[in-house]
Every structure is written in C-alpha cells, then in structure tokens.
Amino acid sequence: MALDLQPLWDWFRVLHATSGIKLTIFYDAFDRARFFNSFLTSVRLMGLCLVASVIIGVVGAWIQGSRAARGCGLSRKATSKFFRNTPPLVQLYFFYFALGSYLKITGANGIAVPVVSNFHLGGDLSSF
C-alpha cells in the first residue's frame, strides 16, 4: 500500500503562495532528491569519520603503549599539541586546504582528482 503524499506537497505549495515560506524540498521533486542525497552524504561522512577516528585512536593507543620511546613520545606530542589544542573546525580547514591539494588520485581517465574535495561528481569511488 503506497502512501499518497500529494496533498502534503500541495499544502506546502499553498503555504509558499500565501506566506512566502519557501520549503521547496517538500513539493519540488528535484530539490527533494538533492536534499535527501545531501542528507545521505552527511550520514555517510559521519559514519566514515566515526570509523576513521576509532582506527586512529586504536593505533595511537597502541603506539603509546609500545616500548619504543620514540613512537610513544611522538604519539603523545601529536595528540596533545595538535589534536587537543585546536578546534575541530581548524583541523577541517587544515585537512581541506593544506593537505587537500596534495592528496590526489589518478582517475580512470588519467586525470588527477583530489581525494578531499568540496563536491562529488556522482557515482562511487570504486571507479578511481
């Protein structure tokens, strides 16, 4: 049994016509698709960041517990000097602007594509 949402979409159109409140994600199929794709991209990025942070944390804890003084000292300095003393937004800017231009993958067509980018061309990353 399919749920008919057309009356709801029509109500948002009337809301826009009468009050000027423009919520096109509810009545325009193109904007709705873009909104939900963006939402799914955000959820995927959150999951990826969660997995990456756990991996980085486990590796850092393993290095700090190791007997090698150099690795242990480097790990402690990296976490205390860089990650703890900078806001997450500054770290995002660092990885995006400072490291993003150096991290590139050569695509199937031979063109270098940045790993850290501000847009996604569609498809999956398995084509790289």
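Arginine 32 sits in helix α3, where helices are DSSP runs of H or I with at least four residues, strands are E runs of at least two, and both are numbered from the N terminus. This is a predicted model, so local features need pLDDT of at least 70 and side-chain atom pairs count only at pLDDT 80 or more, while totals for chains, interfaces and linings use all residues. Residues are numbered from 1 along each chain as its sequence is written, and side-chain values use heavy atoms, with hydrogens and water left out.

Arginine 32 is buried yet has no salt bridge. Buried here means under 20% relative accessible area, exposed means over 50%, and partly exposed is in between (1.4 Å probe, protein chains only). A salt bridge needs a side-chain nitrogen of Lys or Arg within 4 Å of a carboxyl oxygen of Asp or Glu. For arginine 32, the nearest side chain of opposite charge is aspartate 28, 7.2 Å away; for charges, Lys and Arg count as positive and Asp and Glu as negative, with His and the chain ends not counted. Setting aside neighbours within four places in sequence, arginine 32 is in contact (heavy atoms within 4.5 Å) with Trp9, Ile25, Phe26 and Tyr27.

Aspartate 28 itself belongs to the loop between α2 and α3 and is partly exposed, at 29% relative accessible area. Its C-alpha atom is 9.8 Å from that of phenylalanine 12, a residue 16 places away along the chain.

Helix α2 covers residues 24-27, and threonine 24 is part of it. Threonine 24 is buried, with a relative accessible area of 16%. The side chain of threonine 24 makes a polar contact of 2.6 Å with that of aspartate 31. Such a contact is a pair of N or O atoms within 3.5 Å; within protein, one must be able to donate a hydrogen and the other to accept it, and residues adjacent in sequence count only if both atoms are side-chain atoms.

As for salt bridges, searching the whole structure turns up 1. It pairs the side chains of arginine 13 and aspartate 10, at 3.1 Å from N to O. Both residues are in helix α1 (residues 6-19), 3 residues apart, or about one turn of the helix. Arginine 13 is partly exposed at 37% relative accessible area, and aspartate 10 is partly exposed too, at 33%.

Back on helix α3 (residues 29-64), which holds phenylalanine 35, there is a greasy stretch to look at. Phe35, Phe36, Phe39, Leu40, Val43 and Met46 make a nonpolar surface patch of about 580 Å². Patches are built from residues with over 30% relative accessible area and no salt bridge, joining like charges within 9 Å and nonpolar side chains (Val, Leu, Ile, Met, Phe, Trp, Tyr) within 5 Å. Phenylalanine 35 is partly exposed at 38%, and phenylalanine 36 is partly exposed at 44%. Phenylalanine 36 and isoleucine 25 are 11 residues apart in sequence, with 8.8 Å between their C-alpha atoms.

Overall, the chain has 5 helices and 2 strands, running α-α-α-α-α-β-β from the N terminus. Of its 128 residues, 10% are buried. Among contacts between residues at least 6 apart in sequence, 0% join residues at least 24 apart. The accessible surface is about 10700 Å², with 69% belonging to carbon and sulfur atoms; areas come from the Shrake-Rupley method with a 1.4 Å probe, and for residues only the protein chains shown count as cover.
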